Amino acid sequence: MGEIAICLKQSISKADYKKIKELKDICTRKEKLFLKLELDFKLKLPRPQNMESLKYVNEFFCYAGRTLIGYLGIFNLGGDTGELTGMVHPLYRRKRIFSRLYHLAFEECRRRNFTKILLVCDNRSSSGLAFIRSVGAVYSFSEYEMRMQGNVISTENYDIVLRKATDSDAEEIATINYTCFGVIGYLGAMPEEEEKVNRITYMITLKSKVIGKIRTEIFGDEGFISGFGILPGYRGKGYGKQALKATVGILSKKGIRNVALEVDTQNKNALNLYKSCGFAEESATDYYETR
């Protein structure tokens, strides 16, 4: 079977991407699980410009000879939270491979002074949940992955207008992040840098006044909507529904018909909004906080 070896990297290459996808297919073929690995996003990330970021390790691999048998990745957009997701080939489980990868990743998160470390797991994965219990992680929250069903919503006339965010909107985006999500500061790359990897933030405006924001990402023929927030004074007036429809319309014009998003399972208002716009739940992912 080959000698077992651990390999650590800052980022993934196209060759890594292919091997991880192959392992993912093997792991999910029978169980039909959803693994939130963020591979497409990671592959398109620009290389860090500062020397401090070059010291970070985000990707943890385990090989048997030349065969990838285990993988764990840290997902972080620049804030103080690290999300850990991974998998092990079914034939190599119960050999403490994932434990080795997890402890390396956990120490990396500690080294980077993350205040929150989350283990991410499909709630149908018995092996994943068993590992989470073994390390004493505490349940934090769950998210549904929802996908657009049927035909994409046709273009309509809206009261709101979506405009592409620029770097000058960073402060306003940070304000919306804090007001809508309780997130302090601006996370991730600046808007104009994000656009280079098909990740576009739109400011939602009403009569030229910013009332929220929404973000699209494109991976091949798939679209993903995230970072969607409407300021409190403008909620319950239909502007959120208009913004979501307009965003799906933008993706449709780019030839994207397969559109997904994620939502906290306890956010009933958002769930109802997404369902009213043609999205349906596909899977549920649990987040557990570990210390």
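Helix α7 is followed by G255, whose phi is positive, near 85 degrees. The model described here is a predicted one.

**Helix α7**

- Helix α7 comprises 15 residues, numbered 239-253.
- At 1.5 Å a residue, α7 should span 21 Å, and the end C-alpha atoms are 21 Å apart, which agrees with that expectation.
- Most of α7 is covered, since 13 of its 15 residues are buried.

**Helix α8**

- In helix α8 (residues 268-276), the buried residues are A270, L271, L273 and Y274.
- Viewed down the axis of α8, these buried residues fall within an arc of 165 degrees, so they line one face of the helix.
- An α-helix has 3.6 residues a turn, so residues three or four places apart point the same way.
- The exposed residues K268 and N269 are carried on the face of α8 that is turned away from its buried side.
- The cover over the buried residues of α8 includes helix α7 together with the strands β6 (138-148), β10 (222-230), β11 (258-264) and β12 (279-290).
- After α8 comes G278, which has a positive phi, near 100 degrees.

**Aromatic pairs**

- The structure holds 10 aromatic pairs.
- One of these is the edge-to-face pair of Y102 and F131, with 5.3 Å from centre to centre and 80 degrees between the planes.
- This pair links distant parts of the chain, as Y102 belongs to helix α3 (residues 97-111) and F131 to helix α4 (residues 126-134), 29 residues apart.
- Y102 and F131 are both buried.
- The rings of F141 and Y287 form a stacked pair, because their centres are 4.3 Å apart and their planes meet at 10 degrees, and under 30 degrees counts as stacked.
- F141 lies in strand β6 and Y287 in strand β12, so this pair ties together parts that are 146 residues apart in sequence.

**Charges over rings**

- The charged end of R112 sits over the ring of Y56, at 4.2 Å from the ring centre.
- K9 lies over the face of F61, 5.7 Å from the centre of that ring.

- D16 is placed in helix α1 (residues 14-28).
- With 5% relative accessibility, D16 counts as buried, because buried means under 20%.
- The side chains of D16 and K9 are joined by a polar contact of 2.9 Å.
- A polar atom of the D16 side chain also lies 3.0 Å from the backbone nitrogen of S13.
- Leaving aside neighbours within four places in sequence, D16 is in contact with K9, S11, F61 and Y63.

**The loop residue R66**

- R66 is found in the loop between strands β2 (59-64) and β3 (67-75).
- R66 counts as exposed, because its relative accessibility is 81% and exposed means over 50%.
- R66 and I4 are 62 residues apart in sequence, and their C-alpha atoms are 9.4 Å apart in space.

Terms used. Residues are numbered from 1 along each chain as its sequence is written. This is a predicted model: local features need pLDDT of at least 70, side-chain atom pairs count only at pLDDT 80 or more; totals for chains, interfaces and linings use all residues. Side-chain values use heavy atoms; hydrogens and water are left out. Helices (H or I, at least four residues) and strands (E, at least two) are DSSP runs, numbered from the N terminus. Buried means under 20% relative accessible area, exposed over 50%, partly exposed in between (1.4 Å probe, protein chains only). The expected span of a helix is 1.5 Å times one less than its number of residues. The arc is that of the directions from the helix axis to the C-beta atoms. Contact means heavy atoms within 4.5 Å. Rings of Phe, Tyr and Trp (its six-membered ring) pair if their centres lie within 6.5 Å; planes under 30 degrees apart count as stacked, over 60 as edge-to-face and the rest as tilted. A charge sits over a ring if NZ of Lys or CZ of Arg is within 6 Å of the ring centre and within 35 degrees of the ring normal. A polar contact is a pair of N or O atoms within 3.5 Å; within protein, one must be able to donate a hydrogen and the other to accept it, and residues adjacent in sequence count only if both atoms are side-chain atoms.
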